[in-house]
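Hi,

Here is the structure I promised to pass on. Have a look at it first, and then read on for what I found in it.

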Amino acid sequence: MSLKDAALAVRENAHAPYSNFKVGAAIRSSSGVIYFGCNVENIAYPEGTCAEAGAIAAMVAAGEKELTEVYVVASSPQPVPPCGGCRQKLAEFGNGDVVVTMATVDGLETKTTIADLLPGAFDASHMEDV
């Protein structure tokens, strides 16, 4: 299964009764395994979970800690980038050159990298003296 197919399929499982904005994400780990997640809304909006965060959590729960490719899809006129929090989460587990493909369900795709999504990312080097 491709990242695109995995993201499109899991998007259908999203719990988005308030916004009706379903998002699916798929990530490939360094071992080649694909993990995926969908957004899960909560009536108390800050308590929801983004699709990217769900995919990362699945990867970590499986014992992996490095992602090598990301695909995010939503039903929108233009590809939707990950939110700020998910950009930082992606940077935690992927190098700056990891390709992030943002897509619409109609097939429009935009490719970028984690570094381009989050220039100046906070990383472990900022805590060396701690």
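Below are my notes, from the overall fold down to single residues.

First, the ground rules. This is a predicted model, in which local features need pLDDT of at least 70 and side-chain atom pairs count only at pLDDT 80 or more, while totals for chains, interfaces and linings use all residues. Residues are numbered from 1 along each chain as its sequence is written, and side-chain values use heavy atoms, with hydrogens and water left out.

**Overall fold**

The chain has four helices and five strands, where helices (H or I, at least four residues) and strands (E, at least two) are DSSP runs numbered from the N terminus. Read from the N terminus, the order is α-β-β-α-β-α-β-β-α. The C-alpha trace spans about 45 × 35 × 30 Å along its principal axes. The radius of gyration is 14 Å, which agrees with the value near 14 Å for a compact globule of 130 residues; it is taken over C-alpha atoms, and the globule rule is 2.2 Å times the number of residues to the power 0.38.

Of the 130 residues, 38% count as buried. Here buried means under 20% relative accessible area, exposed means over 50%, and partly exposed lies in between (1.4 Å probe, protein chains only). The accessible surface comes to about 7000 Å², and 54% of that belongs to carbon and sulfur atoms; areas come from the Shrake-Rupley method with a 1.4 Å probe, and for residues only the protein chains shown count as cover. Among contacts (heavy atoms within 4.5 Å) between residues at least 6 apart in sequence, 59% join residues at least 24 apart.

**The cores**

A nonpolar core is a set of buried Ala, Val, Leu, Ile, Met, Phe, Trp, Tyr and Cys residues joined through side-chain atoms within 4.5 Å. The largest one has 19 residues, and I27, L67 and V70 touch the most other members. At least two residues each come from β1 (23–29), α2, β3 (67–74), α3 (84–93), β4 (99–104) and α4 (114–117). A second, separate core holds eight residues, including A7, A26, Y71 and A103.

Apart from neighbours within four places in sequence, L67 is in contact with I27, R28, S29, I56, M59, L90, F93, G94, V98 and I114.

Helix α2 is worth a look as well. Its buried residues are A51, E52, A53, A55, I56 and M59, and they pack against β1, β2, β3 and α3. An α-helix has 3.6 residues a turn, so residues three or four places apart point the same way. Just after α2, G63 takes a positive phi of about 95°.

**Salt bridges**

There are two salt bridges in the structure, each being a side-chain nitrogen of Lys or Arg within 4 Å of a carboxyl oxygen of Asp or Glu. One joins R28 and E69, with the closest N and O atoms 3.2 Å apart. This pair links distant parts of the chain: R28 is in strand β1 and E69 in strand β3, 41 residues apart. R28 is partly exposed at 24% relative accessible area, and E69 is partly exposed at 27%.

The side chains of R11 and E12 also meet in a salt bridge, at 3.0 Å from N to O. R11 counts as buried at 10% relative accessibility, whereas E12 is partly exposed at 48%.

**Surface and strand β5**

Y18, I43 and Y45 form a nonpolar patch on the surface, with about 360 Å² of accessible area together. Patches are made of residues with over 30% relative accessible area and no salt bridge, with like charges joined within 9 Å and nonpolar side chains (Val, Leu, Ile, Met, Phe, Trp, Tyr) within 5 Å. I43 sits in the loop between β2 (34–38) and α2 (51–61) and counts as exposed at 61%.

L108 lies in the loop between β4 and β5 (109–113) and is partly exposed at 40% relative accessibility. Not counting residues up to four places away in sequence, L108 touches P77, Q78, P79, M102 and A103.

T112, in strand β5, is buried at 17% relative accessibility. Beyond neighbours within four places in sequence, T112 is in contact with V98, V99, V100, M102 and L117.
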